[in-house]
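Subject: Handover of a structure and its findings

Dear colleague,

Please find the structure below, followed by an account of what was found in it. I would be grateful if you could read the two side by side.

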Amino acid sequence: MPGKPERADAARNRQAILAAAAALFDRDGAEAVSMSEIATAAGVGKGTLFRRFGDRTALIEAVIEPRVTALRDAVEAGPPPLGPGGPAAAALHAYLDALLDFVWANRTLIRALEHRGPHAYYANAASRFWIDELTRRLTAARPDDDAEYLAHALFTALRADVIDYLVTVREMPPDRIRAGLHGLAAVPLDD
């Protein structure tokens, strides 16, 4: 039996909450924004916010979900080298670049989700997809190596807390991190 369609006011409230949360999280960082601030910015009561999303983690997941979907769609159906097709080395490098850009742009949201429990960074559905795709691309580019291990090692180097630390504390420019990831992948681009 299908669920009842969402009421128009409930849909507006959901969209207002998501837009307010995304703007505040992106501006101030997920850890610095209170649920009260989000409710106020969305023009809803705090009770509406909690009834709709349950808790902070669910709200963060709802904010990041369309961003995850956009990247996944680009990987699955976009133009090469990020999308299907193209040379294996270029596909791997484009994918690493896309993951790094995604992590940097969404670092406060990802950091808020990374520490939910043991293995949270690796076990969620989005991470499983990213790791599996990284494994697939490494297998194509480095067929004689242990692609599964290498995928996990590279994915660990892409943790939001690691990237944030390197950029903000160690003052490494993102291009240096990008070059380091490409070096860890150890797959030269064909000229």
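Contact here means heavy atoms within 4.5 Å. On that basis, and not counting residues up to four places away in sequence, Pro81 touches Ala90, Ala91, Ala94 and Arg137.

Some conventions apply throughout. This is a predicted model, in which local features need pLDDT of at least 70 and side-chain atom pairs count only at pLDDT 80 or more, while totals for chains, interfaces and linings use all residues. Residues are numbered from 1 along each chain as its sequence is written, and side-chain values use heavy atoms, with hydrogens and water left out.

Overall architecture

The protein chain has eleven helices and zero strands; helices (H or I, at least four residues) and strands (E, at least two) are DSSP runs, numbered from the N terminus. The C-alpha trace spans about 55 × 45 × 30 Å along its principal axes. Of the 191 residues, 40% count as buried. Buried means under 20% relative accessible area, exposed over 50%, and partly exposed in between, with a 1.4 Å probe and protein chains only. Among contacts with a separation of 6 or more, 66% join residues 24 or more positions apart.

The loop around Pro81

Pro81 is found in the loop between α4 (56–77) and α5 (88–105). The peptide bond from Pro80 to Pro81 is cis, with omega near 10 degrees. Pro81 is partly exposed, because its relative accessible area is 33%.

In α6, the buried residues are Thr108, Leu109, Ile110, Leu113 and Glu114. Their cover includes α1 (8–28), α4, α5, α7 and α10.

Asp164 is placed in helix α10 (residues 160–168). Its relative accessible area is 12%, so Asp164 is buried. Leaving aside neighbours within four places in sequence, Asp164 is in contact with Trp104, Arg107, Arg111 and Val169. With Arg107 there is also a polar contact between side chains, at 3.5 Å. A polar contact is a pair of N or O atoms within 3.5 Å; within protein, one must be able to donate a hydrogen and the other to accept it, and residues adjacent in sequence count only if both atoms are side-chain atoms.

Aromatic rings

The structure holds five aromatic pairs. Rings of Phe, Tyr and Trp (its six-membered ring) pair if their centres lie within 6.5 Å; planes under 30 degrees apart count as stacked, over 60 as edge-to-face and the rest as tilted. The rings of Tyr121 and Phe155 form a stacked pair, because their centres are 4.7 Å apart and their planes are at 25 degrees. This pair links distant parts of the chain, with Tyr121 in helix α7 (residues 120–123) and Phe155 in helix α9 (residues 147–157), 34 residues apart. Tyr121 counts as buried at 7% relative accessibility, and Phe155 is buried as well, at 4%. Elsewhere, ring pairs link Phe102, Phe129 and Trp130 into a cluster.

Phi of Glu171 is near 60 degrees, a positive value in a residue other than glycine. Glu171 is found in the loop between α10 and α11 (174–185) and is exposed, with a relative accessible area of 65%. Ala186, in the segment after α11, has a positive phi of about 55 degrees although it is not a glycine. Ala186 is partly exposed, at 48% relative accessible area.

Yours sincerely
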